[in-house]
Amino acid sequence: MRLDGRRESNNVEDRRGMSGGAKAGIGGIGGIIVVALITLLGGGDLGDVFNAVVQNNVIQQPATAGEYKPSAEEEELASFTKKILAGTEDVWTELFRENGRTYEPPRLVLFSNAVSSGCGNASSSTGPFYCSADQTVYIDLSFFSSMQRQLGGGGDFAYAYVIAHEVGHHVQYLLGTLNEAHSQMSRLSQTEANKISVRLELQADFYAGIWAHYDNKRFDSLEDGDIEEGLDIAAKIGDDYLQKKAQGYEVPDAFNHGRSEWRVRWFKKGIMTGDLSQGDTFSLAYGDF
C-alpha cells in the first residue's frame with residue numbers, strides 16, 4: 001500500500017507494556033479449537049468471544065507485567081495502524097455525510113499480552129476485536145506476525161483488512177445493526193445465533209471492502225498485488241479452513257464467521273462496487289452468500 005505522507009489518527013491509545021488484567025485460558029479439546037479460531041479469525045465482537053469462552057471453561061491466569069520495549073518493526077506497525085485508522089475515519093465520515101448521518105469514529109487501543117476493555121478482560125490470543133460497550137477496537141500488533149506464521153498470509157493490505165473489518169463492526173454499531181443482531185442472538189439457540197453472527201461478519205468484510213474502494217479512490221493507495229493479498233487472507237480466516245486446520249474436519253453448525261468463499265466474495269464485493277446498498281447480508285437465505 002502507498003501510505004507515504006498520510007496522517008495518523010489521534011483516536012489511538014497506546015497501552016503496550018501496561019498490565020491488562022486477567023488472561024483467559026481455555027481447557028479441553030473443545031476449548032483448544034475455540035482458541036484456534038478466535039486467535040486467527042481477526043474479527044468479531046468480544047461479547048461473542050466471551051460467550052464461547054464461558055461455554056468452554058474459563059481458567060483465569062494472572063497477567064504478567066514488565067518493562068516493554070517495542071521493536072523498530074513494531075513501531076512501524078503502530079504507525080501503519082494509525083494511518084489505516086485515519087483512512088477509515090476519512091472514508092466513513094464522508095459516506096455517513098452523504099447519507100445524512102454523522103460518523104463518530106471508534107477509539108483504537110494498542111496493547112500487549114492482555115487488556116481490560118468495556119467488554120471485560122482479554123488476552124492477545126483473543127485476536128483483534130471490537131467492543132461496542134466502549135466503541136473501541138483493541139489490537140495487539142503481535143497478531144500480524146502470528147497471522148503470517150500460522151496462516152502463511154500477511155502483508156500491509158492484509159493487515160489493513162483486519163483493522164478495517166473491526167471498524168466495520170463499529171459502523172454496524174452506529175447503524176444499529178450490531179445491537180439488533182445481538183438482541184436476536186440472545187433469544188436463539190447457539191446454532192441459530194451462530195448464523196446471525198456469520199451475517200454480521202460477512203457484512204463487516206463487505207464494509208472493509210467499501211473502505212478499501214474509497215480509500216484507493218481518494219489516495220490511490222492500492223498497489224499491484226494488494227487485492228490478491230487481502231483476498232488470500234480472507235480465504236484463510238474462513239471457518240471451514242480454520243476448523244479443518246485445527247481438527248481435520250468442519251462443523252458447519254459451529255461457523256460464526258462464514259466459509260472462506262463467502263468471506264472472499266463479500267470483501268471483494270465491497271472493493272469492486274463501493275456500493276453500500278449491496279451490503280445486506282441479512283435478507284438472503286442462509287448459505288446463499
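Residues are numbered from 1 along each chain as its sequence is written, and side-chain values use heavy atoms, with hydrogens and water left out. Because the model is predicted, local features need pLDDT of at least 70 and side-chain atom pairs count only at pLDDT 80 or more, while totals for chains, interfaces and linings use all residues.

**View 1. Packing of helices α4 and α5.**
Helix α4 spans residues 142-151 and helix α5 spans residues 156-175 (helices are DSSP runs of H or I with at least four residues, numbered from the N terminus). Their axes come within 11 Å and cross at roughly 125 degrees (axes are lines fitted to C-alpha atoms over the stretch in contact, and angles run from 0 to 180 degrees between N-to-C directions). The two helices are therefore oblique to each other (angles under 35 degrees count as roughly parallel, over 145 as roughly antiparallel, 65 to 115 as roughly perpendicular and the rest as oblique). The crossing of α4 and α5 is right-handed (the near helix is turned clockwise from the far one by less than a right angle). F143, F144, M147 and Q148 of α4 contact A158, Y159, V162 and I163 of α5 (contact means heavy atoms within 4.5 Å). This contact has 7 nonpolar, 1 polar and no charged residues (Ala, Val, Leu, Ile, Met, Phe, Trp, Tyr, Cys and Pro count as nonpolar, Asp, Glu, Lys and Arg as charged, and the others, Gly among them, as polar).

**View 2. Packing of helices α5 and α8.**
Helix α8 (residues 226-236) packs against α5 at an angle of about 55 degrees, with the axes 7 Å apart. This pair is therefore oblique, and its crossing is right-handed. From α5, D156, F157, A158 and Y161 meet D226, I227, E229, G230, I233 and A234 of α8. By class, 6 nonpolar, 1 polar and 3 charged residues make the contact.

**View 3. Packing of helices α8 and α10.**
The axes of α8 and helix α10 (residues 260-273) come within 8 Å and cross at roughly 150 degrees. The two are therefore roughly antiparallel, and α8 passes α10 in a right-handed crossing. Contacting residues include I227, G230 and L231 of α8 and R263, V264 and F267 of α10. The contact has 8 nonpolar, 2 polar and 2 charged residues.

**View 4. The second largest pocket.**
The volume of the second largest pocket is about 330 Å³ (the space filled by probe spheres set on the grid points, which are joined across faces, edges and corners). A pocket is an open set of points on a 1 Å grid over the protein atoms alone, where a 1.4 Å probe fits, with protein on both sides within 12 Å along at least five of seven lines; lining residues have an atom within 4 Å of a point. Of the 19 lining residues, L175, T177, Q203, Y207 and G279 are the closest to the pocket centre. Helices α3 (72-98), α5, α6 (177-185) and α7 (190-219) each supply at least two lining residues, and α6 gives the largest share, 4 residues. By class, the lining has 9 nonpolar, 7 polar and 3 charged residues.
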